[in-house]
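This report describes the structure shown below, moving from local backbone features to the overall architecture.

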Amino acid sequence: MKNSIKDKNILLGVTGGIAAYKSCDLSRKLMKEGAKINVVMTENAEKFVTALTFQYLTGNKVHTNMYDESESKISHIELADTSDLIIICPATASFISKYANGVADNLLLNILLASKADVIVCPAMNVNMYENKIVQENIKKLIKVGVQIIEPEKGELACGWVGKGKLADIDLIIEIVKKKYQKKTLKNESVLITAGATREYLDPVRFISNPSSGIMGQALGSEFKKRGAKVDIVAGHTDVNLNLFDHYTKVDSADEMKKIISKKLKSYSIVIKAAAVGDFKFKNKNKNKIKKDISPIVIEMEKNIDVLKFIGSRKTKNQILIGFSAETEKILVNSKKKIENKNLDFIVANDISKNGSGFGSDSNFTYLINSKNEIKKLGLKSKKYIAEKIADEVEKIRQD
Ligand SMILES: Cc1cc2nc3c(=O)[nH]c(=O)nc-3n(C[C@H](O)[C@H](O)[C@H](O)COP(=O)(O)O)c2cc1C
């Protein structure tokens, strides 16, 4: 998928707050996403970070002065007209109040009044300043005219107070900017994602399971949602919040997962099975807790239903089915077999013998293998990155 921030002209406005230094990181990260960055600083911002810092970071001249003799063009109009997006980060209480009331006594405020670009404001200040009714009224005024506010976080503030006022996390700001330009390429798709670990109970308090965290399922859900798809999740036990999606059903066992899935299977255009479903279950589940003084104890197990194979056997013509395999040996051979056996469009083969890969970790060492036996080695990458690549593959299948 095309990186949507790529080649966007972003004007980064920096005002005179203690968090001004964090804007240096923001400028670099936006550039890494392919954006072109022009920095405009207020006079007071220069008391916290030098213009030279931003000039070296962005490779562009930093604008600070309204009446710049070295400029042949009227810089505030030029910058206002050529920017796709203006981000004020950090935005001081004073700046917000001036902007909300149409004051234009510095270059950045003039650009904002003259520009038709989208504007994002990231306030950062002492908690009492942020909660001050005048500041809040001014923030509401900005929201009313279409300015997007990225609220500050609660936390320990530079002034010693604890409360809401800390600049939002830079990575969150980047995510919000990316989302703004994300094309809804999968808006006609309805996706079912399974996630987490199933549990097979022996008695009311004992079960067999695995350490799957649900991080992969959550990353997939977020990625498909970003691209406009409707996302339903059916998950076993996880360590992550899955309530953010259109519909979330929590299950225990593999049988329960199969039952839930089979009810609505036909309504999904894409099914991604990222759950770690247990291969075995107890032959008999005891109604009461087994007494510990029984010894020796022999417990019989039997094979569980293969949920992925079941879905594959019901797959309709236009449905895309993606499976995951976790292998410690013969990764490619074993995974390829599963594509055919389970009627998959592609499989994400995870080499869990590699350090940093597997259950509960933030990354996986994977290969994407499709039904034509084409292999893409992704290597050790974050689950978020893997989710992006899977969504890219789905887009490709739909385009073919
Ligand atoms: C050390 C120091 C830190 C400051 N930090 C902040 C801040 O985080 N947020 C804020 O709204 N004002 C802060 N101020 C006050 C602003 O610098 C002041 O309101 C200034 O007029 C803002 O100018 P500008 O918005 O034109 O850049 C701070 C002042 C000092 C001396």
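Asp7 lies in the segment before β1 (9-14), where helices (H or I, at least four residues) and strands (E, at least two) are DSSP runs numbered from the N terminus. The model is a predicted one: local features require pLDDT of at least 70 and side-chain atom pairs count only at pLDDT 80 or more, whereas totals for chains, interfaces and linings use all residues. Residue numbers start from 1 along each chain, as its sequence is written.

Although Asp7 is not a glycine, its phi is positive, at about 65°. Asp7 counts as exposed because it has 11 C-beta neighbours inside 10 Å; the scale calls a residue buried if 20 or more other C-beta atoms lie within 10 Å of its own, exposed if 12 or fewer, and partly exposed in between, with C-beta atoms placed from the backbone. Asn373, in the loop between β18 and β19, is likewise not a glycine and has a positive phi of about 70°. With 10 C-beta neighbours inside 10 Å, Asn373 therefore counts as exposed. For context, most residues other than glycine have a negative phi, and most peptide bonds are trans.

## Cis peptide bonds

Cys89 and Pro90 are joined by a cis peptide bond with omega of about -5°. Pro90 belongs to strand β3 (residues 85-91).

A cis bond also leads from Ser295 to Pro296, with omega near -5°. Pro296 is located in the loop between β14 (280-282) and β15 (301-303).

## Overall architecture

The protein contains 13 helices and 19 strands. Its C-alpha trace spans about 85 × 55 × 40 Å along the principal axes. The domain assignment gives domain 1 (9-181) and domain 2 (190-399), the bounds coming from an automatic or database domain assignment. The C-alpha centres of domain 1 and domain 2 are 43 Å apart.

Of the 400 residues in the protein, 41% are buried. Among contacts (C-beta atoms, placed from the backbone, within 7 Å) with a separation of 6 or more, 68% involve residues 24 or more positions apart.

## The eight-stranded sheet

Eight strands form an open sheet with mixed pairing, in the order β12-β11-β8-β13-β16-β17-β18-β19; two strands pair if DSSP finds at least two bridges between them. β12 (247-250) and β19 (375-382) stand at the edges with a single partner strand each, so one side of each has no neighbour in the sheet. Neighbouring strands of this sheet are turned against each other by 15° on average, direction ignored. Axes are lines fitted to C-alpha atoms, for helices over the stretch in contact, and angles run from 0 to 180 degrees between N-to-C directions. Helix α10 (residues 254-264) packs on the sheet and touches β8 (190-195), β11 (230-235) and β12, its direction making about 155° with that of β11. Helix α11 (residues 307-314) lies across β13 (270-273) and β16, at about 165° to β13.

Within the sheet, β16 (residues 320-327) and β17 (residues 346-351) are paired in the parallel sense over six bridges, and Glu327 stands opposite Asp351 in β17. Strand β18 (residues 363-370) pairs with β19 in the antiparallel sense over seven bridges, with Tyr367 opposite Lys377 in β19. β18 and β19 form a hairpin with four residues between them, and Asn373 is in the turn.

## Surroundings of Ala197

Leaving aside residues up to four places away in sequence, Ala197 touches Ser209, Asn210, Pro211, Ser212, Gly236, His237 and Ala276. The C-alpha atoms of Ala197 and Thr238 are separated by 6.7 Å, although these residues are 41 residues apart along the chain.

## Shell around the ligand

The ligand is surrounded by 15 residues, of which the closest are Gly16, Gly17, Thr42, Asn44 and Thr92; a residue is near a molecule if its C-beta atom, placed from the backbone, lies within 6 Å of it. Helix α4 (residues 93-100) supplies the largest share of this shell, three residues.

The shell residues comprise eight nonpolar, seven polar and no charged ones. In this grouping Ala, Val, Leu, Ile, Met, Phe, Trp, Tyr, Cys and Pro count as nonpolar, Asp, Glu, Lys and Arg as charged, and the others, Gly among them, as polar.

Note on methods
Two residues are in contact if their C-beta atoms, placed from the backbone, lie within 7 Å.
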